[in-house]
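Visitor: I have a model open and some questions about it. Can we go through it piece by piece?

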Amino acid sequence: MTYLIAFAIIFLLAVVVIQIGKLSELSARIRGEEAEERSVNNTQGMALVAFMVVFLIACVWSAWAYKDQMLGYGPLTSASAHGFELDHIFNVTLFFTGIVFIITHILLFWYSYKYRKVNNTDKAMFFAHDTKLEMIWTVVPAVVMTYLVANGLIAWNNIFPTLGPDSKHIEIEATGYQFAWDIRYPGADGKLGNKDFRLIDPANNSLGVDWKDEASVDDIILGGSDKIVLPKDSTIKVRITAKDVLHNFYLPHFRVKMDAVPGLPTSFIFTPVKTTKEFREQLSKFPEWQVPADPADPTGPKKWETFEYELACAELCGKGHYSMRRIVEVVEREEFDTWLASQKPFYVTNIRGKEYDPWAGKKLFPFEIKARANELKSDIANYLSDTTGTASRNIQLKHVFYATGSADLNSDLSKYELDHLVELMAKYPSLKVELAGHTDNVGDAASNQVLSNSRAGNVLSYLLSKGVNSGRLSAKGYGQDQPLESNDSAEGRQANRRTELRIISK
Ligand SMILES: [Cu+2]
């Protein structure tokens with residue numbers, strides 16, 4: 001509504017100006033055209049000069065007064081290493097274009113004034129051709145343009161260094177779609193796994209990551225609205241791509257801006273040099289950032305305290321375009337490493353153990369072996385450090401597996417758990433344990449008793465073969481008599497077919 005009223009006012013003003021023009025034309029005819037024309041020319045010439053002065057002062061004043069709101073000045077100096085060079089180029093360009101802007105405006109309005117027709121004999125001066133003049137206005141702009149373009153090219157080459165295969169940069173991937181970004185981190189191996197568009201499955205693999213590539217299994221995918229975390233002082237290469245329409249990966253505070261084009265990967269290299277905390281401190285020195293963040297809450301946090309770096313899509317990509325905004329947090333490298341280690345790989349949470357897991361039953365990954373080791377370690381440590389007497393002395397060896405109905409250890413899969421146990425026996429030299437074998441209730445009780453005996457016995461022999469002292473180990477089969485859960489379900493029976501570690505003495 002406000003816009004409509006504003007538009008109507010402007011429209012009416014234009015009508016008024018046209019009508020006044022028509023009126024003065026009429027009065028000119030009545031009063032004698034020439035005298036009137038000279039008077040109008042005089043007034044208009046002076047008005048133009050006055051406008052020029054006001055306009056140029058307003059331009060210079062507003063640029064100066066609002067410079068702290070613009071990227072590159074005051075509080076908003078660059079947060080990335082290359083940003084300073086880029087800002088410098090903008091300043092040099094602004095310097096030259098500023099000179100041209102002021103000179104052309106002065107000439108434009110000054111000539112309108114100087115050559116206004118006040119006498120009948122007044123005539124504008126003009127050259128049909130002047131070689132010297134042509135030379136000046138060809139050579140001067142050519143030299144300035146060459147300087148600007150050459151400087152720009154040099155800066156561009158600095159901003160895009162060639163990263164060799166042994167460069168220590170972090171490569172992440174940003175995939176834009178309507179209306180969000182998927183950000184993929186390489187995980188512990190530092191490598192992003194392969195992708196193939198033919199593997200895209202909207203429900204389970206929206207990026208088309210190839211899980212058969214071992215580099216993929218520890219990749220971390222941040223979707224939705226998760227904060228993007230980046231380390232300070234590390235070179236970051238962002239692979240940028242899009243799945244549907246054109247998007248644009250824009251990190252204004254880092255002077256990073258690159259189109260995300262479907263089917264055509266682009267990239268950008270940059271190094272953040274200020275953590276979010278440091279940038280907030282930089283902002284806190286300026287009065288315009290010391291106001292309350294929420295004007296309705298004058299005692300609340302200050303504007304600088306709530307500042308966040310952000311990722312925006314800088315391409316109008318549809319009606320939900322605005323929602324592609326994401327918060328970016330820059331932290332010290334150590335904090336980044338801790339954060340990255342705490343993120344669950346996409347494969348682990350969404351693919352592992354599902355019917356579309358290409359590694360099901362074929363391979364244990366280092367992260368899984370490590371998790372198992374930690375689990376066993378903390379189970380034993382819990383019991384040993386317990387002073388209340390409530391911790392169970394029965395510890396499940398959850399990852400010791402046998403072939404069905406047999407006592408043969410599935411050594412490929414079970415040996416990790418048993419090797420961890422060997423390490424822990426060495427760590428706690430006074431520990432004495434019993435290996436307790438249990439079965440489900442399938443088959444008759446007598447043969448289950450035999451089976452549980454030999455299962456426990458096989459674990460015992462494995463540990464002895466690894467050098468654990470025989471005086472610290474014993475083995476016993478309990479058959480089907482001590483189920484953990486009901487034998488009525490398959491899951492229950494699986495839980496009951498187990499080997500336990502009973503701690504006899506600490
Ligand atoms: Cu977009």
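Visitor: How many residues sit between S1 and S2 in the hairpin?
Guide: There are 2 residues between S1 and S2, which form a hairpin. Strands here (E, at least two residues) and helices (H or I, at least four) are DSSP runs, numbered from the N terminus. This is a predicted model, where local features need pLDDT of at least 70, side-chain atom pairs count only at pLDDT 80 or more, and totals for chains, interfaces and linings use all residues. Residues are numbered from 1 along each chain as its sequence is written.

Visitor: Do S1 and S2 run parallel or antiparallel, and how many bridges join them?
Guide: Strand S1 (residues 170–177) and strand S2 (residues 180–185) run antiparallel, joined by 5 bridges. Two strands pair if DSSP finds at least two bridges between them. Glycine 176, for one, has tryptophan 181 in S2 as its bridge partner.

Visitor: And which strand does isoleucine 183 reach with its bridge?
Guide: That is S3, where leucine 222 is the bridge partner of isoleucine 183. S2 and strand S3 (residues 220–222) are antiparallel too, with 3 bridges.

Visitor: Switching topic. What are the domain bounds?
Guide: The assignment gives domain 1 (13–120), domain 2 (170–351) and domain 3 (366–505). Such bounds come from an automatic or database domain assignment.

Visitor: How many residues of domain 1 are in contact with domain 2?
Guide: 11 residues of domain 1 are in contact with 17 residues of domain 2. Contact means that the C-beta atoms of two residues, placed from the backbone, lie within 7 Å.

Visitor: What is on the domain 1 side, by residue class?
Guide: The side of domain 1 that touches domain 2 has 5 nonpolar, 5 polar and 1 charged. Ala, Val, Leu, Ile, Met, Phe, Trp, Tyr, Cys and Pro count as nonpolar, Asp, Glu, Lys and Arg as charged, and the others, Gly among them, as polar. The centres of domain 1 and domain 2, taken over C-alpha atoms, are 43 Å apart.

Visitor: What about the overall dimensions along the principal axes?
Guide: The C-alpha trace spans about 130 × 50 × 50 Å. The radius of gyration is 38 Å, while a compact globule of 506 residues would have one near 23 Å. That radius is taken over C-alpha atoms, and the globule rule is 2.2 Å times the number of residues to the power 0.38.

Visitor: Now valine 433. Why does it count as buried?
Guide: Valine 433 is buried because 25 other C-beta atoms lie within 10 Å. The cut-off for buried is 20 or more other C-beta atoms within 10 Å of the residue's own, with exposed at 12 or fewer and partly exposed in between; C-beta atoms are placed from the backbone. Valine 433 lies in strand S12 (residues 432–438).

Visitor: Which residues is it in contact with?
Guide: Leaving aside neighbours within four places in sequence, valine 433 is in contact with Arg472, Leu473, Leu501, Arg502, Ile503 and Ile504.

Visitor: Last one. Where is the confidence lowest?
Guide: Helix H8 (residues 366–385) has the lowest mean, 79, and strand S6 (residues 247–251) the highest, 93. The chain averages a pLDDT of 86; pLDDT is the predictor's confidence in each residue, from 0 to 100.
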